[in-house]
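Hi there,

Here is the structure I promised to pass on. Have a look, then read on for what turned up.

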Amino acid sequence: MISIYFGILLLISLIIIVHMAMKNYVNVDIHYWTIVVLVPIILLGYWLKTMVVTTEGAKMAFSFIYLDSTVLPAVILFAILYMMGVTVKRWIKILIYCVTFIHMYLFWGCIHNELYYKSMELIDTGYGIATKMESGPLKSLHWVFLLIFMVLIISTLAVAWIRRGTYSRKTLSLYTTLLSAGILLYVVEALIDIDFSLLPTLYVVADFLIAINYDRDHNHDISGLVSIEMAKSTSRGYVALDLAGNFLSCSEKTYDFLPELELQIVDTKLKEGTLSADVFYGLLDEYKQDQTLTRDFQVGDMACLCEISEFSMRKNGRTQGYLFDVRDITEERRVFQVMQHYNETLNAEVSEKMENIKNIQEKVVIGLANMIDNRDSNTGGHVKRTSEVVRILVEEIRKQELYDMTEQMADDIIRAAPMHDLGKITIDNHILLKPGRLTDEEYEIMKSHSVKSGEFVHLILDDVEEEHFVQCAYNVARFHHERWDGGGYPEGLVGEMIPLEARIMAVADVYDALISDRCYRKAMSVPEVTRIITENMGTQFDPNMFPVFLGCKEQMEAYYAQ
């Protein structure tokens, strides 16, 4: 009767594993899985113990059962720490698991002697085979081992309840309830002489509740939820190759660009002569030779761009392969072609219509800048305001005569100011319009706008404007995020290595960012903005800009007060 009951419990635990396996989640919690896999193995031991007819068979059954008081506590401890967001160092995990398995193997090695059990007697109760045992000297060692783990687990749970973490209190309650019941049952059954344990029933109940909670816990996994939605909505394709160039996987969107990949065999080279092999292997060779990151290719009427990066499955781990980002740039290329054609047309008429071309060109630049400004919900009106601040700063510099600035240079800097963020047109909306803090990866993409801004300056102004203005606009666009102390981007320039026009733009850009409303915060007060700007003179900003800033501070404040 008991063997049938334990057999049913074993079957239920196996069904739970199958149920969880069918969920097909993006992110898998290995601790949940280890627990639900260990439970059937432990239940197998309880089931076999009720059917054996020899003490040797009972000892073998106990070899499975002992997992519940050796390996299982260690897994539960790490599961709770993982839930709390605590990162356990690798060597600590290895040490604890080594101690756990050494203890497990010690029991297995002593199964045929009297070190753990001096004697074992089988009793047929009529409901199943029960065992009566007399503990050996090493049994006390097992109690010490178990006591240490119970203290660690209880202490961790106590800290979890006291600590104000972002983890689920429902999950914490589940762990606390199940562990309390398990410890109580284990101690009571160890002290009281009973025929059959209630622990298997508790294990199945725990397994069932953990499976249910596994579903609910994924609702707290924002990275998983975001990755699922991104996979559904993204217009990009992704392809992964290992270090040897073997195909690993790709997203479904990739088939729209390279349909031959649907027949590609995993862990093999891309078929020679295909567009996929030409694009990916060609870019990979260029990347290894001179760090080239992108490559254009054509699929019918669709122009595509492929970008390469390295990936690792571990944080700060060694490179394990290459990830290729493929996207449609047909519309972008069309825009570039229109702009290029527009510039060629203007250049053909430059000799007789120079002034008219300059006016049109400036309107195009302002229009592009305003389009980007209106697209970015974080910086509405930024272009107009920073342009005015640059004008005020330049006039104060000329007034104080702190720099050798000609009238032509002053005019170039003021005209160039609206172009400083043109590169933001290449930044995807989900990054540009994100109301909260950017991730490290998103921030790296956002930082690329300064390089792109410089490229756009040359694209729009080359062969149209005079060289001195093109260079000034390029410097403003590319280097306005550089810092005096070298901590800026994209090149980490230091001090006077940064062009003067970029140093002026940097003050205007930061001043407007601080004193204006953003979707993620309110505008700072004038005294607070003044304090931040002045405190950063000599670190973020050119220290020579300090008297300039103070000289025109009231004029800038009056402008923003309008």
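Val 187 sits in helix 7 (residues 169-191), helices being DSSP runs of H or I with at least four residues, numbered from the N terminus. Val 187 is partly exposed, at 35% relative accessible area; that label covers values between buried (under 20%) and exposed (over 50%), with a 1.4 Å probe and protein chains only.

Before going further: this is a predicted model, where local features need pLDDT of at least 70 and side-chain atom pairs count only at pLDDT 80 or more, while totals for chains, interfaces and linings use all residues. Residues are numbered from 1 along each chain as its sequence is written, and side-chain values use heavy atoms, without hydrogens or water.

Now for Ser 13, in helix 1 (residues 2-21). Ser 13 counts as buried because its relative accessible area is 0%. Leaving out residues up to four places away in sequence, Ser 13 touches Val 39, Pro 40, Leu 43 and Asp 207 (contact is heavy atoms within 4.5 Å).

And the inside? Ile 153 is in contact with Pro 73, Ile 76, Leu 77, Ile 80 and Leu 179, setting aside neighbours within four places in sequence.

Cheers

Definitions and conventions:
Helices (H or I, at least four residues) and strands (E, at least two) are DSSP runs, numbered from the N terminus.
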